[in-house]
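Dear colleague,

I am handing over the structure we spoke about, and my notes on it follow below. Please read them with the coordinates open beside you.

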Amino acid sequence: MFAPRDPDEYLLDTERRVVRVRRHWAVLAWDTFEAVALLAICVMVSYLLPPSMYIVQNILWYAALLVVLVYAFKVMEWWVERLVVTDKRFVLTTGVFTTKVAMMPISKVTDLTYQRTAWGRMFGYGTVVVESAGQIQALNRIDFLPRPEEFYDTISELVFGDKQKQSERFSMIKAQRLARGKKMVG
């Protein structure tokens with residue numbers, strides 16, 4: 001009831017899911033550093049204060065609790081954010097308390113590029129830039145995307161590849177799953 005909806009619930013029956021991904025954990029690196037640093041400062045200052053300043057110590061501990069709660073909320077936001085790509089559109093769902101769903105049709109994609117910094121190559125993430133027909137969309141730039149080469153190849157095939165071969169490939173995958181007795185998910 002209170003949990004955000006699964007992104008697959010926003011898909012139509014006629015769509016097939018191609019990619020479902022959460023942003024890379026590295027998106028939380030700076031927030032983690034900030035939280036740890038602030039907690040260390042609060043604890044250190046609290047222990048350095050004389051016992052007579054117990055009110056300031058209490059305030060510092062409440063500040064530390066606030067830091068932990070803010071960080072926990074940021075982790076929850078990261079956890080519920082999902083990017084789903086189907087054969088018809090991009091769908092990005094975000095939000096812990098208020099769910100936001102951004103969508104862009106695949107047919108609007110005119111150019112697709114990805115970038116990887118040195119840190120991105122070491123940790124396995126990158127940025128994908130999706131350009132559309134004369135518009136800036138909500139899904140223009142997707143930062144901290146895990147395995148951007150695979151994502152780039154998959155979306156390139158989906159957008160610019162042979163539609164007949166994609167249809168045949170999807171039919172074969174569907175037939176193989178049905179032959180194994182597995183339910184078709186998307």
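Isoleucine 155 is in contact with Val85, Phe90 and Leu112, once its neighbours within four places in sequence are left aside; please bear in mind throughout that this is a predicted model. Isoleucine 155 also belongs to the largest nonpolar core, which has 18 residues, and it is listed there with Leu83, Val85, Phe90, Val130, Leu145 and Phe151 as the residues that touch the most other members. Two or more residues of this core come from each of β1 (17–21), β2 (82–86), β5 (109–115), β6 (125–132), β7 (141–146) and α4 (148–160), and it is α4 that gives the most, with four residues.

On the surface, Trp25, Trp119, Met122 and Phe123 form a nonpolar patch whose accessible area together is about 520 Å². Tryptophan 119 sits in helix α3 (residues 118–123), and it counts as exposed because its relative accessibility of 55% is over the 50% cut-off.

Glutamine 57, in helix α2 (residues 54–80), counts as buried because its relative accessibility, 18%, falls under 20%. A polar atom of the glutamine 57 side chain lies 2.8 Å from the backbone oxygen of serine 46, and, not counting residues up to four places away in sequence, glutamine 57 touches Ser46, Leu49 and Pro50.

Turning to charged pairs, the structure holds ten salt bridges, and three of them are described here. In one, aspartate 6 pairs with arginine 20, with the closest N and O atoms 3.2 Å apart; this pair links distant parts of the chain, since aspartate 6 lies in the segment before β1 and arginine 20 in strand β1, 14 residues apart. Both partners are partly exposed, aspartate 6 at 31% relative accessibility and arginine 20 at 30%.

Aspartate 8 and arginine 17 meet through their side chains in another salt bridge, at 2.5 Å from N to O, and here too each residue is partly exposed, with 22% for aspartate 8 and 29% for arginine 17.

The side chains of arginine 16 and aspartate 87 form a further salt bridge, at 4.0 Å from N to O, which joins the segment before β1 to the loop between β2 and β3 (89–94) across 71 residues. In this pair arginine 16 is buried, at 13%, whereas aspartate 87 is partly exposed, at 26%.

With best regards

Terms used. Residues are numbered from 1 along each chain as its sequence is written. This is a predicted model: local features need pLDDT of at least 70, side-chain atom pairs count only at pLDDT 80 or more; totals for chains, interfaces and linings use all residues. Side-chain values use heavy atoms; hydrogens and water are left out. Buried means under 20% relative accessible area, exposed over 50%, partly exposed in between (1.4 Å probe, protein chains only). A polar contact is a pair of N or O atoms within 3.5 Å; within protein, one must be able to donate a hydrogen and the other to accept it, and residues adjacent in sequence count only if both atoms are side-chain atoms. Contact means heavy atoms within 4.5 Å. A nonpolar core is a set of buried Ala, Val, Leu, Ile, Met, Phe, Trp, Tyr and Cys residues joined through side-chain atoms within 4.5 Å. Patches are made of residues with over 30% relative accessible area and no salt bridge: like charges are joined within 9 Å, nonpolar side chains (Val, Leu, Ile, Met, Phe, Trp, Tyr) within 5 Å. Accessible areas come from the Shrake-Rupley method with a 1.4 Å probe; for residues, only the protein chains shown count as cover.
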